[in-house]
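Work through the following exercises with the model open beside you, and try each task before you read its solution.

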Amino acid sequence: MADQSNKVLYGLYNDEEDLKAAVKTASAEHMDIMDVLTPFPVHGLDPILGLKESRLHYLGFIYGAIGALFGFLVMSWVFTRDWPIMFGGKPYWSVPAFIPITFEMTVLFSAWGMTITFYTICGMWPGVKPKILDERITDDKFCVAFNVTNASKDELEGIKGFFKKTKAAEVNEKMI
Amino acid sequence: MSQAVAPVRHILIEGNKSYHNITEDLVSPTEKAPSREWIIAFSLSAAFLALYVFCVTWTIWKGIGEWGLNRTINWAWDITNFVWWIGIGHAGTLISAILLLFRQRWRTGVNRAAEAMTIFAVICAGQFPLIHMGRLWLAFFIFPFPNSRGPLWPNFNSPLLWDVFAISTYFSVSLLFWYTGLVPDLATVRDRAKGFRKKMYTIFSFGWTGSAKHWQRWESLSLILAGISTPLVLSVHTIVSFDFATSVIPGWHTTIFPPYFVAGAVFSGFAMVQTLMVITRKVLNLKEYITINHIESMNKVIVLTGTIVGVAYLTELFIAWYSGYIYEQFAFYNRVFGIYWWSYFGMMFCNVVSPQVFWSRKIRRSVWWTFFLSIVINIGMWFERFVIIATTLARDYLPSSWSYYRPTMIEIGLFTGTLGLFFFCYLIFTRVAPVVAIAEVKSILKVAGNQFIGKNANKNGNGNH
């Protein structure tokens, strides 16, 4: 996503427990966190951060249902309308024989649909320039970032104080 | 992590590690120059790959007549190899999907490599039906698409077409699952790389940053992909077994085939995972991540599935006798004592007898025994498919057309060539991507590590609970 660059003030923590404590403090103080970046999925972070459960799995169901219908209807149309062929005296519309392919189409549509949706809503594709705040975030640092593009001096001081209070190991500023 | 973990659980990450140590250990194989062992193995597999290319070209140029097939035995090594490779692939999906649903933490050490194995094994498997079509350039006729021949559609009632859908779905879904799991780790490699490597990993890591929302969606996606891959993997080998089970050939026409094939697939797949892991942990120095506990867990799966397969073999014989149907009885008598008796006894020994030594904890935890038996089991599972396919066809309804099958050099070259293709791909994979899932290992470090040495480490020196 090619939006204009933002000035970001971020703190790095050495441990996920420190990070969780910091996020808890921030939400208690109603601070507006821009993003939290971690090297691995930190369990128990989503509720404190106020993230709602992902709705991706609903889409997975919908894509799967589309795949099932598509597969089944194409086979039914081909064997009853377009080109009916008699195989061994069985009915043209031999539903049990359509089950395996219908199942495979369900899985295929659901998996591809969900994966494409995942990359699209996360804004991730080959060639996307990653907005890297710090290269150690994918290694062993846990980051809380605030957007300070339009922040006043008081607000900046407040955020710095917050980092100090929550024992951030490092505090840096970066344009991304 | 706040999950409750019983203190009796095995340690899954050995040595005193911090998060940074894990990154170092797991990324460094992709950064260092290849070791001498790697270069030797790579040259060897490249040589077999070249042999494969030659044999494929030869077959396509001259035709299927270059194989040892005849009118009676019209399926033999090709389909044996196909089923063997597909079966091997199943362990990867089992480890990554079914064990994820069962919340088995030991999967994190081996899932990445096992999923890679699945993908390469399915690539190898897909070669055989394609080459057997003879006119490879018309292979796309197997897909239903509007065409100028009527349009003429494939037969949706045929298990061979179900196979086309099953295998292609299996391949593409496994690829998505594997790659999506790989993206955060490729980002880790990217953030340590410089110059050209950085550019490449930037492209392949899709701009991953590690945002909390992205992790949440990533976990949701992984879970659902695991959920749909589980019935998928069961369906794939079920459908492969339908290739035989829906026919009217005595010895093939049995309802036991689907579960028996699936158990056999998991069995052979775990054996191949063991072969690969024993080598990988040694060559890439990953003994602290792929521990003896991982090897033991997989050996337990092997002894279970091997025994299921053994029960299936005996059930088959019993039911053939119990049916009171002479053709069925003959088919199984012929399978055991017929012209290919040696392959039946080879199969029985390798698949049913040999894994029983894994009841001993000492042998289960021995790297050498594991490596040796994993190869024995793979040979045994190859024999199983050969027994089912060739023995059955060699003695058909009409004694005047009974025949014997011998593979030609070209067929042997094709089979050993796919081994070359498989190891060629796997060795490249070990050089370009982390073989162990970095993020997933980090997420279990505090609950399953030997001793976490970072901040907030448990002061008793035991981070196991």
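**Exercise 1. Describe the order of elements and the overall form of chain A.**

Solution. From the N terminus on, the elements of chain A follow the order β-α-β-α-α-α-β-α-β, which amounts to 5 helices and 4 strands. Here helices (H or I, at least four residues) and strands (E, at least two) are DSSP runs, numbered from the N terminus. The model is a predicted one, in which local features need pLDDT of at least 70 and side-chain atom pairs count only at pLDDT 80 or more, while totals for chains, interfaces and linings use all residues. Residues are numbered from 1 along each chain as its sequence is written, and chains are lettered from A and ligands numbered from 1 in the order in which they are written.

Next, take the dimensions: along its principal axes, the C-alpha trace of chain A spans about 80 × 30 × 30 Å. The radius of gyration of chain A is 25 Å, whereas a compact globule of 176 residues would have one near 16 Å; this radius is taken over C-alpha atoms, and the globule rule is 2.2 Å times the number of residues to the power 0.38.

Finally, turn to burial and contacts. Of the 176 residues of chain A, 38% count as buried, where a residue is buried if 20 or more other C-beta atoms lie within 10 Å of its own, exposed if 12 or fewer, and partly exposed in between, with C-beta atoms placed from the backbone. Among the contacts in chain A with a separation of 6 or more, 80% come from residues 24 or more positions apart, two residues being in contact if their C-beta atoms, placed from the backbone, lie within 7 Å.

**Exercise 2. Characterise the side of chain B that touches chain A.**

Solution. Begin with the count: 52 residues of chain B are in contact with 56 residues of chain A. The elements of chain B that each supply at least two residues of this side are α1 (19-31), α5 (159-192), α6 (195-204), α7 (212-245) and α15 (438-448). The greatest share comes from α7(B), with 15 residues. By class, this side of chain B has 23 nonpolar, 23 polar and 6 charged residues, where Ala, Val, Leu, Ile, Met, Phe, Trp, Tyr, Cys and Pro count as nonpolar, Asp, Glu, Lys and Arg as charged, and the others, Gly among them, as polar.

**Exercise 3. Compare two helix pairs of chain B by axis distance and angle.**

Solution. Two packed helices are described by the angle between their axes and the distance between the axes. The axes of α3 (residues 77-101) and α8 (residues 257-283) of chain B come within 6 Å and cross at roughly 75°, so α3(B) is roughly perpendicular to α8(B). Axes are lines fitted to C-alpha atoms, for helices over the stretch in contact, and angles run from 0 to 180 degrees between N-to-C directions; under 35 degrees counts as roughly parallel, over 145 as roughly antiparallel, 65 to 115 as roughly perpendicular and the rest as oblique. The residues making this contact include B:W84 and B:G87 of α3(B) and B:G264 and B:F270 of α8(B), and the contact divides into 9 nonpolar, 7 polar and no charged residues.

In the second pair, α1(B) and α5(B) pack at about 80° with their axes 11 Å apart, and this makes α1(B) roughly perpendicular to α5(B). B:T23, B:V27 and B:T30 of α1(B) meet B:T188, B:V189 and B:R192 of α5(B), giving 2 nonpolar, 3 polar and 1 charged residues.

**Exercise 4. Examine helix α8 of chain B and the residue B:N285.**

Solution. Of the 27 residues of α8(B), 21 are buried, and the helix is thus mostly covered. Just after α8(B), B:N285 takes a positive phi of about 60°, although B:N285 is not a glycine. B:N285 lies in the loop between α8 and α9 (292-323) of chain B and is partly exposed, with 13 other C-beta atoms within 10 Å.
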